[in-house]
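Please look over the sequence and the view below, and then follow the text with both at hand.

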Amino acid sequence: MILIFFYREPILRHAGRFMAPQGDYIADVAILEGNDFIDRNLVLAGKNLLLSGKVKRLVVVLFRIAPSHRPFALNEDYPTLVKKEMEAMGLKEKDFKIIVTHIHSPLTLVSAKGVMDNISKDNIKSAILLSSGFHTRRSYLVYQHVGDSYHIQIYPSACFNSYNLDNWWKQEGGLRDFALELMKLVYYLGGGYIPLKLSY
């Protein structure tokens, strides 16, 4: 216990990097994993990959929001708003694709299946998965598992907003997000949604 106390920061730093894997990759596309909405940092990270030539196209993933469930004052279809905003950022229609997936449990698995089925028709062989923080590990394993059936290689890249990997446990929301995503990862493993052999 004393050793753990003295080495807690390196241990926590390593745990954070496990849950939020990152790397420098080149692939056919970058998958920007959103949900009801898409995080601006994910879009900017995807745009940087596109402009640097590390990917040829962006794939924005959104959940289908029924008109009755839209936030107050959001009257326009959200995917249409995203398309307009991305074009306002200087991206052309050929630079990105928006995929709207159905909302069914387990959400990440259902979404990954919809995305892989869609992009496989474009002869995609590799993709960089841009996901939010500690959600990245579970998402990566799910996309990797589903992608195997389509012979699509997945590379993970975590994006952070309010904290970073060097001292995430000291920053607001870091511990909460880590604990929540770790529990969800265990749930997916226990439920058989991710094969144990892929859990690295």
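## After helix H7

Just after H7, Gly192 takes a positive phi of about 80°. The model discussed here is predicted.

Within H7, the buried residues include Gly174, Phe178, Glu181, Leu185 and Tyr188. These cover an arc of only 95° around the axis, which means that they lie on the same side of H7.

On the other side of H7, Arg176, Met183, Val186 and Gly190 are exposed. The cover over the buried residues of H7 includes helix H2 (8–19), helix H5 (107–120) and helix H6 (136–149).

## Salt bridges

The structure holds 12 salt bridges, and one of them joins the side chains of Arg138 and Glu181 at 3.0 Å, N to O. Because Arg138 lies in helix H6 and Glu181 in helix H7, this pair ties together parts that are 43 residues apart in sequence. Both Arg138 and Glu181 are buried.

A salt bridge also links the side chains of Asp177 and Arg176 (3.3 Å, N to O); here Asp177 is partly exposed, with a relative accessible area of 23%, whereas Arg176 counts as exposed at 58% relative accessibility. Elsewhere, salt bridges that share partners join Glu9, Arg13 and Lys170 into one network. Within it, the side chains of Arg13 and Glu9 meet at 4.0 Å, N to O, and these two residues, 4 residues apart in helix H2, are separated by about one helical turn.

Methods
Residues are numbered from 1 along each chain as its sequence is written. This is a predicted model: local features need pLDDT of at least 70, side-chain atom pairs count only at pLDDT 80 or more; totals for chains, interfaces and linings use all residues. Side-chain values use heavy atoms; hydrogens and water are left out. Buried means under 20% relative accessible area, exposed over 50%, partly exposed in between (1.4 Å probe, protein chains only). The arc is that of the directions from the helix axis to the C-beta atoms. Contact means heavy atoms within 4.5 Å.
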